[in-house]
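Hello,

Here is the structure I promised to pass on. Please have a look at it first, and then read my notes below.

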Amino acid sequence: MAPILAVLMGVVVLVVSPGPIAHAQKATELYIPVGHSPGISNILSVIGKIKTLNEQARTISIAFSSGSWKAKVTEDTVIWVDRSKVTLPNKAGQLTDLRVGRLVEIKYANSAQRGKGAAEWIKVQLPEGTNTR
């Protein structure tokens, strides 16, 4: 009976522990389109269109249904280009991929600074009909 109980406890610990799940989420985030990250999209992240972009100050503001927020793009901010609308695989991006009017999803590095702090990552969606060459 003891070995069965030990196995069951091990399974419970693995299921309840968020560590491996969170790590797996980070590793696969590149491949997930804007707005489709399980447990993150519209919960820990915000989705909207880029309203303003200041490349020198490395800041963007986005507009969405209930207002607008700003984000700082730091050296640690990861940018991904969501190319699912143009039927291409997603890819790593850079600051120059952020353009006014494009749909983005931002996850802030510190949830207490949502709406004004540094971005942990930003996904920018290429709209349909975008020439990718």
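First, the ground rules. This is a predicted model, in which local features need pLDDT of at least 70 and side-chain atom pairs count only at pLDDT 80 or more, while totals for chains, interfaces and linings use all residues. Residues are numbered from 1 along each chain as its sequence is written, and side-chain values use heavy atoms, with hydrogens and water left out.

The chain has 2 helices and 7 strands, taken as DSSP runs numbered from the N terminus (helices: H or I, at least four residues; strands: E, at least two). Along the sequence the order is α-α-β-β-β-β-β-β-β. Strands β2 (residues 59–64) and β3 pair in the antiparallel sense over 6 bridges, where pairing requires at least two DSSP bridges between the strands. With 2 residues between them, β2 and β3 form a hairpin, and Ala63 has Ser68 in β3 as its bridge partner.

Of the 133 residues, 34% count as buried (buried is under 20% relative accessible area, exposed over 50%, partly exposed in between; 1.4 Å probe, protein chains only). Among contacts (heavy atoms within 4.5 Å) with a separation of 6 or more, 56% are between residues 24 or more positions apart.

Leaving aside neighbours within four places in sequence, Ile60 is in contact with residues including Leu53, Trp69, Leu98, Ile106 and Ile122.

Which rings pair up? There are 3 aromatic pairs, counted for rings of Phe, Tyr and Trp (its six-membered ring) with centres within 6.5 Å; planes under 30 degrees apart are stacked, over 60 edge-to-face and the rest tilted. Trp69 and Tyr108 are edge-to-face, at 6.0 Å centre to centre and 70° between the planes. This pair links Trp69 in β3 (residues 67–72) with Tyr108 in β6 (residues 103–108), 39 residues apart. Trp69 is partly exposed at 26% relative accessible area, whereas Tyr108 is buried at 3%. Trp80 and Trp121 have ring centres 5.6 Å apart and planes at 50°, so they count as tilted. Because Trp80 lies in β4 (residues 78–82) and Trp121 in β7 (residues 119–125), the pair ties together parts that are 41 residues apart in sequence. Both Trp80 and Trp121 are buried. Phe64, Trp69 and Tyr108 form one aromatic cluster.

Lys123 lies over the face of Trp121, 5.0 Å from the ring centre; the rule asks for NZ of Lys or CZ of Arg within 6 Å of the ring centre and within 35 degrees of the ring normal.

Lastly, the backbone. Most residues other than glycine have a negative phi. Asn42, not a glycine, has a positive phi of about 60°; Asn42 sits in the loop between α2 (19–28) and β1 and is exposed at 57% relative accessible area. Thr87 has a phi near 50°, lies in the loop between β4 and β5 (91–92), and counts as exposed at 70% relative accessibility.

Best wishes
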